[in-house]
Amino acid sequence: MRDCSELDDADLDRNLDVDLDSLDLNADRLREECGVFGIFGHPEAAAVTALGLHALQHRGQEAAGIVSYDGHRFNSERRIGMVGDTFSKASTIQRLPGDRAIGHVRYSTTGETILRNVQPLFAELDSGGFAVAHNGNLTNALTIRRELIRSGAIYQSTSDTEVVLHLVARSRKHQIVERFIEALRQIEGAYAFVALSNKKLIGARDPLGIRPLVIGQLDGHYILASETCALDIIGASFVRDVANGEIVMISDEGVQSIKPFPHQPERPCIFEYIYFARPDSVVHGRSVYNVRKQMGAQLAHENPIDADVVVPVPDSGVPAAIGYSRASGIPFELGIIRNHYVGRTFIQPTQSIRELGVRMKHSANRAVVEGKRIILLDDSIVRGTTSMKIVQMMRDAGACEVHFRISSPPITHPDYYGIDTPVREKLLAATHSLEEMRELIGADSLAFLSVDGIYKAMGVGARNPLRPQFTDHCFTGDYPTSLTDLKGADIKAQLSLLAETG
């Protein structure tokens, strides 16, 4: 994955004289994974898919694609950019005829963002066309890729998703679903797939259910989507979650389900609740918005502080700040106003514009902040560069005390399941003590939600160390699957298929 570092190691190593105006703040967040959507039997399948992808835009803003099938041929449109910019024209949708389609919004967790990597990927097999889109990351994709290339396979992309296409193509099974299952048996990691064949819309989740996938229904037509918010935008009803390790097949005969893998307890990714899912989504039966408020309330119980006002870092810190405010009795106020109309192209072109940094996207509400002791609420700290800027902004606006509270535990380990995190050496919490972090970002105090606290906020009690209820490796280092591509390799960066192709 790409390493979007703002500070080099020397800067991060307890250097408190960082030039804050020179920092690139866009990358100091956890990068979203990807979003998938599919619908079967609807006369306006491509248009519905575009709307669904629009609701999933928060999961990937770099590229989008749709593949449809009209009963005779597959039609593909893949574009770099946002869904609203690339799939809003009637002429584009008209090039995607058919009553079934799948779509994908992408952030490049493996392979760079070039058109050949934009999903859904498509291949013509001996049994007909097959398109596939993927949310997650395959942790043995490099190993399989090397083996396939040695045996004569020709790759067209640098995406780990193409591994699945090759495995399906090489399978000797007769039915496309059987081929797909055989391919899935050979891969490791986290995945939610949607796939389209001549006759079926197929969905699959990894055996641990790390990545989410739901089934919906619109006017009798079945839908697959990463989140329930994609159902809401089109007026579809929620049917159920796709279970961990389950494969669903949607055709003219309805929905069929098989579970070809040995049963394992589900371990969904905890970051869906902390950061990735939209607040209005329901993930595995839990309202994301309500869970985030509970995280804030639990944080208030664990780390109280005497202050005048609770201020969220918008937008991700808002629900937790509401929960903290209610639990502590300290008023909630919008002390930071976010400008939603600043795009990357506007803030990138010149050094003088870049130096404006976080002030381009966030402005202090001086009337709320001035002369106050504030509790600043955010969902995570990655490298800490944005946190430095926000704290300084509050002080410039007249805050007399700034107490930073984070509604998740410290991020101490990188992710290999579809979240773009820095290498461990550039994660602030992995290289600094709590006091060093506090001093670096310039806060009067700093506190994180505990690991057990986040489990309590999820309503499951304390973390079970023998069988954790969620995938939480970014906090604990407890990776739930094999990391084959990392074993025995001197790799400090995340998996990068682009580097493999040289």
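**View A. The second largest pocket and its volume.** The second largest pocket holds about 300 Å³ of space. The model is predicted, so local features need pLDDT of at least 70 and side-chain atom pairs count only at pLDDT 80 or more, while totals for chains, interfaces and linings use all residues. Residues are numbered from 1 along each chain as its sequence is written, and side-chain values use heavy atoms, without hydrogens and water. A pocket is an open set of points on a 1 Å grid over the protein atoms alone, where a 1.4 Å probe fits, with protein on both sides within 12 Å along at least five of seven lines. Its volume is the space filled by probe spheres set on the points, joined across faces, edges and corners.

**View B. The lining of the second largest pocket.** The lining has 16 residues, each with an atom within 4 Å of a point. Phe122, Ala123, Gln156, Glu162 and Leu165 lie nearest the centre of the pocket. Helix 6 gives the largest share, 5 residues. Helices (H or I, at least four residues) and strands (E, at least two) are DSSP runs, numbered from the N terminus.

**View D. Strand 16 beside strand 19.** Strand 16 and strand 19 (residues 373-378) run parallel and are joined by 4 bridges. Val309 has Ile374 in strand 19 as its bridge partner.

How values were computed
Pairing = 2+ DSSP bridges.
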